[in-house]
Amino acid sequence: MSVTDLMANRYSERRFSPAPVEDEKLQAILAAGALAPTAENKQPQRILVVRGDEALTKMDECTRCRFGAPVVLVLAYDMTVAARHPDVTDFGTVDIAIVGDHMSLAAEELGVHSCWVGLIDPPELRRQFGIPQTYKIVAVMPLGYPSERSRPSRLHRMRQGVQKTVFFDSYATGEDSDALDA
């Protein structure tokens with residue numbers, strides 16, 4: 001399957017099977033995240049793998065959006081390592097987003113589903129899992145196999161065309177005439 005097909009077919013899973021994710025698949029997903037480009041190649045990502053009954057019970061105290069997944073990745077970055085540009089952004093957030101995307105596409109290729117979850121309680125995550133204050137927690141990513149009731153959201157295929165979102169040479173006010181036709 002091509003990368004474009006993976007991107008088109010992948011959707012945010014919200015109905016996981018309790019079946020465990022095999023260690024070799026989990027390692028491949030994590031390795032894909034390590035391949036992600038980061039600003040100045042600083043590699044500030046700090047991924048916490050949460051699995052096992054006790055740890056997942058703790059995770060349930062931190063988010064209501066685990067969706068029954070047998071594995072949850074905490075996506076964070078070390079603020080003391082991440083590249084910064086005062087006029088642009090703190091690139092740690094950008095870096096962890098790229099890492100997360102690499103992992104979600106690798107998971108999809110392996111038949112493992114994922115979901116990017118921002119509805120979290122960072123102070124509770126820190127308390128439950130001993131996450132250092134220098135780590136910025138951005139999201140969690142439940143991972144697992146889809147349940148029999150799994151299906152994409154009704155919004156999954158609703159996309160604006162590039163003619164609405166891409167511009168050339170300038171952002172023309174009120175006109176999309178220079179945008180790509182698609």
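Accessible areas here come from the Shrake-Rupley method with a 1.4 Å probe, and for residues only the protein chains shown count as cover. On that basis, the chain has an accessible surface of about 10,700 Å², with 51% of it belonging to carbon and sulfur atoms. Keep in mind that this is a predicted model: local features need pLDDT of at least 70, side-chain atom pairs count only at pLDDT 80 or more, and totals for chains, interfaces and linings use all residues. Residues are numbered from 1 along each chain as its sequence is written, and side-chain values use heavy atoms, leaving out hydrogens and water.

**Overall layout**

- You'll find 6 helices and 6 strands in the chain; these are DSSP runs (helices are H or I, at least four residues; strands are E, at least two), numbered from the N terminus.
- Going along the sequence, the pattern reads α-α-β-α-β-β-β-α-β-α-β-α.
- The C-alpha atoms fill a box of roughly 55 × 45 × 25 Å, taken along the principal axes.
- Take the contacts (heavy atoms within 4.5 Å) between residues at least 6 apart in sequence: 75% of them join residues at least 24 apart.

**What's tucked inside**

- Of the 182 residues, 38% are buried, where buried means under 20% relative accessible area, exposed over 50%, and partly exposed in between (1.4 Å probe, protein chains only).
- A nonpolar core is a set of buried Ala, Val, Leu, Ile, Met, Phe, Trp, Tyr and Cys residues joined through side-chain atoms within 4.5 Å.
- The largest one has 18 residues, and Leu73, Leu75, Val112 and Leu143 have the most contacts inside it.
- At least two residues of this core come from each of α2 (23-34), β2 (71-78), α4 (91-109) and β6 (135-144).
- Apart from it lies another core of 16 residues, including Val50, Val72, Val117 and Ile137.

**Charged pairs**

- The chain has 5 salt bridges, each being a side-chain nitrogen of Lys or Arg within 4 Å of a carboxyl oxygen of Asp or Glu.
- Arg46 and Asp78 make one of them (3.9 Å, N to O), linking strand β1 (residues 45-51) to strand β2 across 32 residues.
- Arg46 is partly exposed at 26% relative accessibility, while Asp78 is buried at 9%.
- Asp60 pairs with Arg66, their closest N and O atoms being 2.7 Å apart; Asp60 is partly exposed at 35% and Arg66 is buried at 15%.
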